[in-house]
Amino acid sequence: MTIDIQKIRADFPILHTLVNGKPLVYLDNAATTQKPQIVIDTIVDYYSRYNSNIHRGTHHLSNLATEAHEAARKTVQRYINAEHTHEIIFTRGTTESINLVAYAFGEAFINPGDEIIFTMMEHHSNFVPWQMMCERRGVKYHVVPFDTQGDLRLDIFENLLNERTRLVAFNHVSNALGTINPAQRIIQMAHAAGAVVLLDAAQAVQHVDHDVRALDADFYVFSGHKIYGPTGIGILYGKEALLDAIPPYQGGGEMIEQVTVEKTTYNKLPFKFEAGTPNIVGAIGLAAAIDYLDALNFDEVMAHEDAVLAYGHKKLLEIEGLKIYGNAKRHTSIIPFNIEGVHHYDLGTLLDTRGVAVRTGHHCTQPIMTALGVEGTVRASLALYNNHEDIDVLVESIRQVLKILGR
Amino acid sequence: MSTIQEIQTQIIEDFSFLPEWDERYTYLIELGQKSPALAEAYRTDENLVRGCQSQVWLHRDCCQGIVSLQADSDSLIVKGLAALLLQVFSGQPAEAICQADLHFFEAIGLNQHLSSQRTNGLMAMVEQIKSFAAQCVGK
């Protein structure tokens with residue numbers, strides 16, 4: 001393996017800070033990832049050198065900003081292998097991308113008598129917008145359960161699909177279980193039934209395959225801040241024909257062609273969906289993050305993350321009473337666990353005093369917690385800069401914390 | 001009985017002997033373990049203060065303008081923090097609770113548990129104690 005993790009770690013300044021007097025061990029990457037220096041520098045450079053509003057370019061700075069913003073769109077297109085640049089819509093994040101589709105696709109294509117399907121494994125952001133849409137449009141939804149290992153019940157999914165199914169929404173990787181869902185297969189099944197598919201790639205785009213054309217996703221959504229980019233920027237990819245067929249989501253500047261008192265006509269893709277001044281620096285920062293990741297060999301990144309994940313599983317399971325949730329056939333980067341008789345909040349709080357950052361609670365996936373029969377879990381989640389040493393510190397810290405908790 | 005202010009001062013002094021995080025949390029956890037579990041009859045939905053991460057049950061009583069409280073939590077740390085709150089508030093005149101400035105959490109470096117809003121139900125618990133006290137004044 002040629003990937004140099006020490007060198008990568010040196011690129012992320014925050015990894016060298018102290019938390020509660022201890023070197024930070026950051027294992028909350030499924031919540032948000034840290035940023036490499038190049039992303040931070042890109043943001044500073046934008047505000048220092050060419051901050052300006054875009055697409056109104058009569059002056060030099062506006063031209064520079066517009067070019068950088070549109071180059072960022074091309075970078076995203078290249079990374080996910082979309083056919084056209086205008087199939088890339090900038091949003092605030094995964095949540096807004098999903099809400100956009102739930103609203104606009106719902107308005108155009110969902111009618112009483114139709115059905116949609118999502119899964120029990122979704123983040124609330126890929127659950128609630130569909131419930132809201134179904135209520136608004138007066139249609140029925142089905143929820144696909146998962147088995148005790150954390151794999152979706154595709155047999156049940158197959159039975160739920162029918163000629164009334166208009167849309168299927170699911171995540172490529174579960175934020176609470178780490179399951180890698182067989183996206184290609186699910187998408188094929190949905191397409192065979194005539195349904196459109198939204199793939200939530202918030203936890204996938206940075207860890208696993210992300211070729212939208214190979215996956216054949218109709219809509220593909222993710223957030224910049226989980227792929228080493230800034231917060232407040234996200235992506236909605238949609239196939240051109242679909243994006244053309246659905247109405248705008250918000251009205252305002254940028255998204256119009258012509259406005260008169262009588263009638264407004266809308267701009268073409270992608271601007272039709274980008275009302276208002278966009279998060280210009282966010283888009284440019286996201287492109288810098290993608291360029292950073294793209295400069296590495298992605299197969300090596302995946303192999304490294306898998307090696308640390310496997311090591312984490314092995315070491316954590318050596319702790320008495322520790323149970324790992326989610327042992328799907330294929331899984332990535334996320335280790336959800338509990339220790340018998342220990343509350344996740346207590347464990348998380350005490351790990352924090354040792355500089356170890358994990359997430360605790362229900363992870364915005366209350367239906368999953370209900371299915372697992374727990375109130376919450378501790379979740380250690382990895383990124384490309386985590387290494388075996390991080391796991392060692394986590395495990396040693398848990399052992400110390402258990403003593404304080406009288407176990 | 002000591003006033004709310006005096007009790008807070010005492011807690012701050014107690015914690016000043018515990019400079020390390022481990023010592024503070026060990027003390028808190030012991031405090032939680034020592035405080036009695038809430039009777040099953042009081043573990044009702046009505047008494048449940050739901051947090052995102054942990055839950056607190058808070059039983060309230062008002063008798064002649066005096067507020068008495070019992071609490072429990074599924075988290076040892078939160079139960080310890082709740083025990084501190086009870087030391088400060090339980091048995092105090094409702095009026096004094098309404099007017100109290102709760103500052104000891106910050107002084108002992110545990111404010112994160114309170115300021116994290118919804119996460120552990122503790123902030124909601126303080127709000128409920130205060131609004132209960134407001135209703136209890138003069139009763």
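A: In chain B, 9 side chains are positive and 17 are negative, with the centres of the two sets 7 Å apart. Lys and Arg are taken as positive and Asp and Glu as negative, while His and the chain ends are left out of the count; each charge is placed at NZ of Lys, CZ of Arg, CG of Asp or CD of Glu. The model is predicted: local features require pLDDT of at least 70 and side-chain atom pairs pLDDT 80 or more, whereas totals for chains, interfaces and linings use all residues. Residues are numbered from 1 along each chain as its sequence is written, chains are lettered from A and ligands numbered from 1 in the order in which they are written, and side-chain values rest on heavy atoms, without hydrogens and water.

One charged pair in chain B can be examined directly. Asp72(B) and Lys79(B) form a salt bridge with an N to O distance of 3.5 Å (a side-chain nitrogen of Lys or Arg within 4 Å of a carboxyl oxygen of Asp or Glu). Both partners are buried, Asp72(B) at a relative accessible area of 2% and Lys79(B) at 10% (buried is under 20% relative accessible area, exposed over 50%, and partly exposed in between, with a 1.4 Å probe and protein chains only). In chain A, salt bridges with shared partners link Glu70(A), Arg73(A) and Glu274(A) into one network. Over all chains, the search finds 20 salt bridges.

The fold around the pair in chain B comprises 7 helices and 4 strands, arranged along the sequence as α-α-β-β-β-α-β-α-α-α-α (DSSP runs, H or I of at least four residues for helices and E of at least two for strands, numbered from the N terminus). The radius of gyration of chain B is 14 Å, which agrees with the value near 14 Å for a compact globule of 139 residues (taken over C-alpha atoms, the globule rule being 2.2 Å times the number of residues to the power 0.38). Its C-alpha trace spans about 45 × 30 × 25 Å along the principal axes. Among the contacts of chain B with a separation of 6 or more, 64% involve residues 24 or more positions apart (contact means heavy atoms within 4.5 Å).

Chain A provides the corresponding values. The mean positions of its 34 positive and 47 negative charges are 3 Å apart. Chain A contains 14 helices and 17 strands. Its radius of gyration is 22 Å, close to the 22 Å given by the globule rule for 407 residues, so chain A is as compact as a globular protein of that length. Of these 407 residues, 58% are buried. In helix H12 (residues 344-352) of chain A, 8 of the 9 residues are buried, among them Tyr345(A), Asp346(A) and Leu350(A).

Arg49(A) and Asp45(A) are joined at 2.9 Å, N to O. They stand 4 residues apart in helix H2 (residues 37-50) of chain A, which means a separation of about one helical turn. Arg49(A) is exposed at 51%, whereas Asp45(A) is partly exposed at 29%. Arg166(A) and Asp114(A) form a salt bridge at 3.5 Å, N to O. Arg166(A) belongs to strand S7 (residues 165-171) and Asp114(A) to the loop between helix H4 (94-109) and strand S5 (115-119) of chain A, so this pair ties together parts 52 residues apart in sequence. Arg166(A) is partly exposed at 27%, and Asp114(A) is buried at 9%.

Leu269(A) and Pro270(A) are joined by a cis peptide bond with omega of about -5°; Pro270(A) is in the loop between strand S12 (264-266) and helix H10 (280-294). Tyr228(A), a residue other than glycine, has a positive phi near 75° and is buried at 0% relative accessibility.
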